[in-house]
Every structure is written in structure tokens, then in C-alpha cells.
Amino acid sequence: MHLASTLLAIIAALTLSEAFLGLKSPGHLPFRRLPSLAATVPVGSVTELPPGERKVVDTEAGAVIVTNVGGSLYAVLAKCPHLGLPMKTGVIAIEGGEPTITCKFHNSKFALTDGKCKAWSESVFGIKGTEGIAGFVGGFGGAKGSPATVFPTSMSEEGIVSIEM
Ligand code: FES
């Protein structure tokens, strides 16, 4: 009951802010690829990122997750394009041979290669039976199927990993 009340309060706040105050949720920001900041942001030594690890780096664009999936490095903005909530602890996996990150709030899923949306607002906190609520909540924030923002990564001869922004 407490969860339902909280969800209704969030939905009401979003509705009020968008419909009556003219405010835009973070989901309306351009998420696919931010305008180039022409910056190379150092992440650290590749030895800090063995397969299965992730590191969150603060950048001008916001927190960026850099992760090693199966020996390949990927960088994705740690802000979900649905409601703009943090994805720092999102579930990273390989599905259908493709590396993905899944937001824990409503289980939206994105390819780490190009940010493409693979699933949009499927459930609430992964709780079975919340699919209907998630479908409703999925109508708020970013447009359905919005992609996550991904960045290229690079590595110097010394093994220093960077994000290219
Ligand atoms: S905020 Fe990420 S799926 Fe809703």
C-alpha cells in the first residue's frame, strides 16, 4: 500500500509539473548523444576495469558508467531516458549476444553499443504484477523508446581508458 501511495504521489507531481507549471522532466533532454563537448575524460587504468566491472565517472555531461563487458569497454550516461533517474547500479548483462543495461526503477533496457532502447518501462522495481503501473508510468518523462546516451571510449598505449565526449 505504501508503494502504491508513493507511486501515485510521483505521478501526480510529474503531471502537475509538466501540465500546469510548464516544467520539463529530465526525460525531455536530448539523451542519445549530447552535443560534443570536445573533451577526452580520463577514467583510469584498464587494470581497474576487468570484465564484469564498472566505474562511475563525473563529467560535464553528468555521471557516466564505464564498464567492461566481455573484454570490450562501453560508456553510457548514468541517467535513464525514461524519468531521468540514476542507472549507476543498473543491471549490465549480455542478452542475445548484445551488452545491455537495465534501469532498476521500471526495467527499461538499453543496448550499450548504441543506446538503442530494447524494452520500455516493463515493471516497477522488477516486482511481478506491476506491469500495468509500469505501462502507465511509461507514458511520463522521455518519449517511449528513447535511447540512452552512449559515448565512445579509447585507451592509450599506457592503458589509460578515456571517454570521448
Ligand atoms: S526511470 Fe528508468 S525505467 Fe523508469
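An open sheet of 4 strands, in the order β5-β6-β7-β8 with antiparallel pairing, is one feature of this predicted model; strands here are DSSP runs of E of at least two residues, numbered from the N terminus, and two of them pair if DSSP finds at least two bridges between them. Local features need pLDDT of at least 70 and side-chain atom pairs count only at pLDDT 80 or more, whereas totals for chains, interfaces and linings use all residues. Residues are numbered from 1 along each chain as its sequence is written, and side-chain values use heavy atoms, with hydrogens and water left out.

**The open sheet**
- Because β5 (91-95) and β8 (117-119) stand at the edges with a single partner strand each, one side of each is left without a neighbour in the sheet.
- Strand β7 (residues 109-111) runs antiparallel to β8 and is joined to it by 2 bridges, with Phe110 standing opposite Cys117 in β8.

**Pairing around β11**
- Strand β1 (residues 40-45) runs antiparallel to β11 (residues 160-164), and 5 bridges join them; Ser162 is the bridge partner of Pro42.
- Strand β10 (residues 153-155) also pairs with β11 in the antiparallel sense, over 3 bridges, and there Ser154 has Ser162 as its bridge partner.
- The hairpin of β10 and β11 has 4 residues between the strands, and Gly159 in this hairpin takes a positive phi near 85°.
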